[in-house]
Every structure is written in C-alpha cells, then in structure tokens.
Amino acid sequence: MKSEIPTTAAPASSSSSSSGNAAFFGVVKAPNFVKVAALLIISVSLVALLYHIPSLSVPAFSSSSTASGGVPNPTSAIAPRGSSSRSSPLPWPIVGRRTGIVDENGAMMEDFEIGEFNASALEELRNLTSEVVKEKKDKVRIKYEKYKVCEESKREYIPCLDNLEEIRRLNIGGSFQKFQRHCPSQGRGLNCLVPIPKGYRKPISWPQSRDEVWFSNVPHSRLVEDKGGQNWIARKNDTFIFPGGGTQFIHGADKYLDQISQMVPDIAFGRHTRTALDIGCGVASFGAFSMQRNVTTLSIAPKDVHENQIQFALERGVPAMVAVFSTRRLLYPSQAFDLIHCSRCRIDWTSDGGILLLEANRMLRAGGYFVWAAQPVYKHEEKLREQWAEMLNLTEHICWELVKKEGYIAIWQKPLNNSCYNNRDSGAKPPLCDSNDDPDNVWYVSLKACITRLPENGYGANLTLWPERLQDPPNRLQSIKMDASISRKELFKAESRYWSEIIEGYVAYMHWKEMSFRNVMDMRAGFGGFASALHDRIDCWVMNVVPVNMFNTLAVIYDRGLIGVMHDWCEPFDTYPRTYDLLHASGLFSAEQKRNKCNMSTIMLEMDRMLRPSGVVYIFDTLSIIEELEDIASAMGWVPTVRESNEGPHSRWKVLVCNKLMP
C-alpha cells in the first residue's frame, strides 16, 4: 500500500527527495524507534503529573528562585518574624483518599491510580473554624476556638511551683518543700496563653546577652537592690548589665574559674570537666563564663525571695532551670556532672545525716569534683568552725578526698570505685544504698540518706575526653533498659547520623544560623542526637528532655557531655515563661497519645508558655496528629506550616513548623 506524500513545493531534485522520505519512514517503522518513542511519551507524561499533582511532588524549596551560579535559593520555610503571611506555597496534605505507588504502610504496590485533585479543597480545609469534621474510620477531628490570654498575674507563672492553693493545703509554708513541684490537679491546669510584659522586646542575641538583657523583658529590680554591692547585676538605662561577679567572686567569674583551675589542674575545664552543676546560682555568671571554656554548666536555684534569678539566667542565654534540694531527688541521673559547684548556696549539707550532700554525691561522676566556697571554709568564728568540722567528718565518711583548700574555696574529689565504701567499718554511717536501688530513677522519688553505689563494671567513670566523648558511644548504653540487646552502639551511631543529616538541611536551607537560636529544647531527646548535631553548627545549648514513659537514656546524654532532665509532658516544665527560642519534638505526641494520659492541647499550651515571642517550633509526627496540632497552633496565634518530611511525600510522617510572632 502506497503512502500519500504531499507534492506541494517539491524540491528541484525529486529523486533525492524520494529516497530521503523513504529512509525516514523506514526508521519510523523500526521496532526500536517505537520503543524509544513510547518511553519518551511516558516520561513526559509522568513529569507533567509530578508538576501538577501536589501529592506526588516534593518541592521542599522553590526552584524558580535560582541564584547566579546555579545554586538554588531556598524559599522561606516559615513566615518571616513579625509577619503572619507565608512567603511561598508549600505542599499541604491532600484531603480525602490517599493514592500512590506505596500503600499506607510504606510498601511498594504494583498497581496504583492517580486520583483526581481538587485544589479548592485545600483552601476549604484552611478555612474551617468551629465545626467538627468526620474523618475516615469514624475518627472525629476536633476544631479549636482561639485561646484567650490569661490574667496579668500569670505573666511569670510556673504552674507546678506557683500552686499556692496546694501549698497552703499541705501547710508547708516554712519548709523548703514549698519550693518543690506541686502541680495543679487534672482539669485545673493552664487553659489560656500567658501574657507578656508591657514593652517586651526580642531578646538580645548571644554572646552580647551574656552581659546585658532588656529591662522590659524581666522587669524586676529586687536583685539589683539586694545584690548590687556583690557585682551580680546592675541597672543601666533600659537594660540590666551583668558584670560577672557573685557573692564569693566579686572580682568576676572568669578569675574565679582561673583560681579553681590553678588549685586543681586535673579539673581541666573543657577536657576532663565538661558538665557542671551550679547550685544556688544567682544570675548564673559561673555558668555563663564557664561556657567559654567548653563547659556546659546547668544553673539551678529555687523560686524563692530572689525568684527571678533563673529567669535572668535564661534571658542571658545560659542553661538553667528552677530546682531545689529538699525532700526529693533532683531530676538528673546518677554520675551526671563532672563538677558540682556551691558558692554560698544556702544549703546545710550536714543536716539530717547529710542527706542533701548524699544527693549531690549521687549526681557527681566517679572521680568528679565538689567545689564549696562558703564562710565555714575560711572564717574562724566558733559556729562556723563547727560547721567546717562537720563537713570534714561527713565527706570523710562518704569517701570524698579533700584535695585542696585555699582561701575561701575547698575542693573534694569523689572516688572512682566502691573500694573505699567496702572497706569501711561494719555499721558505718551513712550506709550504702540497697543494691536494688536504681540511682537513675528520679521522677517523684524521695531522697535517701545512703551512699549511692558505683557500678562494679566502672560504667560512668573514665570517659573519653571532650570533645571526643560527644560521638563516642559510652559504656552505660549497655545498662539502659530497652528492647535492643546487642545493637545499642549501632542505634546510637545511627541516631547521630540521622540527626546530623537533618540538621545539615535545616542549617543550609532554612537558615538556622541566621535565626539567633540560643536556648533550645529537645522534648524527646533519645540519645541526644539532635543536640549533638547542633553542637558544631549553631552557637546554642540544648535542654534534652527524656519523657518518663520512654527508655531512660538520660545517663547516656550526660556521658556524651550534654545536659538534660527527666520529665512527664502531661505536667508543666520547671521553667519561666518565654525562656526557649526553639522547641523540637520528634514523635512525642504519638507516644503521648498511646499513653492516653493527657490531651495534645495541654502540651501545646505548655510549649507556648515556654516559647519566646519570635520563637520557632518543629514537630515531627504522623499526618493525623500534625493536622490536629496545626489547628491548635492556629488557635494559639502561631503561624503553622506543614512540610514533607525527609521520608518523602508518601510518608505518613510530616513536619509542622510554627512561628510564635512578636506582638
């Protein structure tokens, strides 16, 4: 059968033309050409689908704003501070039935369909305000009304420490017990947004914040009046300034740290000594200046007559939380701190059989140092001499060695093992704790007047020096109660690699270095991989929180040279409002939902209380949970954005990024 060839405008050489046409149609009829053409058509079709169906595309960053040199400029992943608008459209979850090349469990499917997409459905989803929407499997999605602002008296409210009704009921007004946690009963917790002080300003960035903060952010002058002569703090125009002094180091914390180093060179700040605890910290100048020596010092103090000292510390950008030595264990593991410091911390260490010093002993690492700067060390009045003698007697009985006493400072060292304890006389006081006592069990656990045994296998002692210990899997991994038995070091390394890659992306494409994060909290810390990944990339510190209903990995976090705390997120955290720049929660809400002890709005309201205006929240969780959290975030006045996770567009895990705007 002949093919019909157009004859109009024929070329001069008809024979040449005919042979060329014949060759062309011969190629077209060839089987290989048909295959190539078919593949090309399919490829073009798939590309078109990827660009027009949001559920199949993962444009985490816009490719339309490419800078010179071929380097793409990322679109803003979050709304600019001070603005409630989104800088660029992001892929939102599709409403309705999900379809694709993987099933809901992530398994590959051979057959799949590409469902129809109605773009207007996204806008309808965003505009829903108060109705209850029925979802698949009869799940009810609750919609949240806008939260109200609390009364002005709640401006610096710490729910578990300001529960005056419970304190009065317990009749403990004259005891240090009143400074312990007394949380509101279920249903009586915070249900509103804590107000901010009049004239509140975005905090001064670190490292300038070490030396000055805005008066309007912590508008309290009691410490200036009481401690002005001790070089703690002073008022200068619209700022507080911090000269770096303290009760026992009025010439500055830096010189004070030099003196300690000279007294005991083996303390080796930044190498052997990485984690420290400063008890009764004042405005945390000890911790502030130790950071420049690569020491992370956790500063603690009760919310007492000088109630704002921890608030000042956090406003400065120094690790701190409200805590008190009283009748319960502090929320830190055994062998947590390489050094414990007490400078006029107003604690009677020898009372009640030395129970408070025994708590310090529990938290002090084997071979660690206890530094005491107080009047009994250097004054010679009869009462103070008696107190010094009692301290010498107690420390001898718990096998601490007085390694140096100079001026107004005394330094003891804890033993590396149990040999001294085992060689004491029978019936010696204080006794050793029972062998079945778990020294890492700290959540609402009463103090015990006994000596905490050290692990016979030496776990917790002789750690790798800093900074190598940050990435070195510690031996205490083996003592954690968890499902894995022989793969713990592999899990530790895998978590570190995972968060290193995630944080590298956040820094590169979300401009974390430009966002002035200083005080950071990881609300479900695991082995501390998130904090470890931040260490070399962002000039910040991280409070690693280990939830009480998960594997207790807190000791491993401290062995890495990081800090953290045990906590139950169904209760408020012991910090002042507006104290963290970044809150990070990975899988936290899924875990809490399974426990079914508290609702998600309770945790979100607590996050709002802790978060500074202009602060940011990153939540990694399942789609159904992210959708509800997005509604709560909007009701609290945050600006939420849902993003695809690193697992791709078909993963049921998403990332919720929220901005808390400045007023």
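Guide: Let us begin with names: helices (H or I, at least four residues) and strands (E, at least two) are DSSP runs, numbered from the N terminus. This is a predicted model, where local features need pLDDT of at least 70, side-chain atom pairs count only at pLDDT 80 or more, and totals for chains, interfaces and linings use all residues. Residues are numbered from 1 along each chain as its sequence is written, and side-chain values use heavy atoms, with hydrogens and water left out.

Visitor: How many helices and strands does the secondary structure of the protein come to?

Guide: Both kinds of element are present in the protein. The totals are 18 helices and 19 strands.

Visitor: What percentage of the 663 residues in the protein is buried?

Guide: Buried means under 20% relative accessible area, exposed over 50%, and partly exposed in between (1.4 Å probe, protein chains only). Of the 663 residues, the buried share is 51%.

Visitor: In which helix is Val224 found?

Guide: Contact means heavy atoms within 4.5 Å. Leaving aside neighbours within four places in sequence, Val224 touches Ile233, Ala234, Arg235 and Phe240. Val224 itself belongs to residues 222-227, which form helix α5.

Visitor: How far apart in space are Cys150 and Cys192, C-alpha to C-alpha?

Guide: Cys150 sits in the loop between β2 (140-141) and α4 (164-170), and its relative accessible area of 6% makes it buried. Beyond neighbours within four places in sequence, its contacts are Leu190, Cys192, Leu193, Val194 and Pro195. Cys150 and Cys192 are 42 residues apart in sequence, while the C-alpha distance in space is 5.2 Å.

Visitor: Why is helix α9 described as largely enclosed by the rest of the structure?

Guide: The buried residues of α9 include Ile355, Glu359, Asn361 and Arg362. They pack against β6 (275-279), β9 (337-343), β10 (364-373), α11 (382-397) and α12 (419-422). Helix α9 (residues 355-363) is largely enclosed because its buried residues number 9 of the 9.

Visitor: Are α16 and α17 parallel, antiparallel, perpendicular or oblique to each other?

Guide: Axes are lines fitted to C-alpha atoms, for helices over the stretch in contact, and angles run from 0 to 180 degrees between N-to-C directions. Angles under 35 degrees count as roughly parallel, over 145 as roughly antiparallel, 65 to 115 as roughly perpendicular and the rest as oblique. Helix α16 (residues 588-595) packs with helix α17 (residues 600-610) at about 140°, and their axes are 10 Å apart. The relation of α16 to α17 is therefore oblique.

Visitor: Which residues of α17 meet Ile625, Glu628, Leu629, Ile632 and Ala633 in α18?

Guide: The axes of α17 and α18 cross at roughly 50° and come within 10 Å. Their crossing is right-handed, a label used if the near helix is turned clockwise from the far one by less than a right angle, with left-handed used if anticlockwise. On the α17 side, the residues that meet those of α18 are Met600, Ser601 and Met604.

Visitor: How many residues does helix α18 have?

Guide: The expected span of a helix is 1.5 Å times one less than its number of residues. Helix α18 reaches 19 Å from its first C-alpha to its last, close to the 18 Å expected. Leu623, Glu627 and Asp631 are among its buried residues. Running over residues 623-635, α18 has a residue count of 13.

Visitor: Is Gln335 buried or exposed?

Guide: Gln335 is found in the loop between β8 (320-322) and β9. Its phi is near 50°, a positive value in a residue other than glycine. With a relative accessible area of 3%, Gln335 is buried.

Visitor: Is Asn171 buried or exposed?

Guide: Asn171 lies in the loop between α4 and β3 (212-214). Here too phi is positive in a residue other than glycine, at a value near 55°. The relative accessibility of 69% means that Asn171 counts as exposed.

Visitor: Which residue is joined to Lys429 by a cis peptide bond?

Guide: Most residues other than glycine have a negative phi, and most peptide bonds are trans. The bond from Trp466 to Pro467 is cis, with omega near 10°. At the cis bond of Lys429, omega is about -10° and the partner is Pro430.
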